[in-house]
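Student: Can you walk me through this fold, one piece after another? I'd like to ask as we go.

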Amino acid sequence: LGVHLMMQQGATLPQVIADTDKIKEVLFNLIGNAMKFTPQGGTITVTFVQKEMLIETLVTDTGTGIDPKDIDKLFAKFSMIPESYGANSQIQGTGLGLYISKSIIELHGGRIWAKSEGRGKGTTFTFSLRIATEAAVQQLKATPVDESKQAVDIIHTGV
């Protein structure tokens, strides 16, 4: 058996203002990392919840977990946590995925963070994005757009 990937969403959620491709990049990075650290038979769950005027996306795994003292290091450029898959594997990453994901989320006005109870107890990565209110959409429309770049889209969090 491989790793089980599940998606959970309660009631219909409001839309968020986001660059679809960039948020997909964040999701793919978080799910990809969870797959690296979750053993066969484990589970990765993607959950979408509304908290006030934000939509939070949680990627939770039943994998190796992270020592709480190392969590602050996760989003640093070129960071590899000692004893992690990335630091010990024959197939190493660049140490940029979480740094780039943090940059993308912050450019969207959101926040990203991680929680783990420790080694062997899995990890949850969460990021938040603002709900697309009429005022926010009007503000976005009034902002000058660089015609050489693709416009920002309004998307539903269930990418």
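Tutor: Helices (H or I, at least four residues) and strands (E, at least two) are DSSP runs, numbered from the N terminus. This is a predicted model, where local features need pLDDT of at least 70, side-chain atom pairs count only at pLDDT 80 or more, and totals for chains, interfaces and linings use all residues. Residues are numbered from 1 along each chain as its sequence is written, and side-chain values use heavy atoms, with hydrogens and water left out.

Student: Over how many bridges do strand 3 and strand 4 pair?

Tutor: Take V49, whose bridge partner in strand 4 is E56. The two strands form a hairpin with two residues between them, and E52 in the turn has a positive phi of about 55°. Strand 3 and strand 4 (residues 54-61) are antiparallel, and their bridges number eight.

Student: What is the order of the strands in the open sheet?

Tutor: Strand 1 runs parallel to strand 3 (residues 43-51), with six bridges joining them, and L5 stands opposite I44 there. At strand 5, the pairing with strand 6 (residues 123-130) is antiparallel over five bridges, and I112 faces F127. Put together, the sheet has five strands with mixed pairing, in the order 1-3-4-6-5.

Student: Which strands are the edge strands?

Tutor: An edge strand here pairs on one side only. That picks out strand 1 (4-9) and strand 5 (111-115).

Student: At what angle do helix 1 and helix 3 pack?

Tutor: Residues of helix 1, including V26 and L30, meet residues of helix 3, among them I100 and I104 (contact means heavy atoms within 4.5 Å). Axes are lines fitted to C-alpha atoms, for helices over the stretch in contact, and angles run from 0 to 180 degrees between N-to-C directions. For helix 1 (residues 20-37) and helix 3 (residues 97-107), the axes are 10 Å apart and the angle is about 145°.

How values were computed
Pairing = 2+ DSSP bridges.
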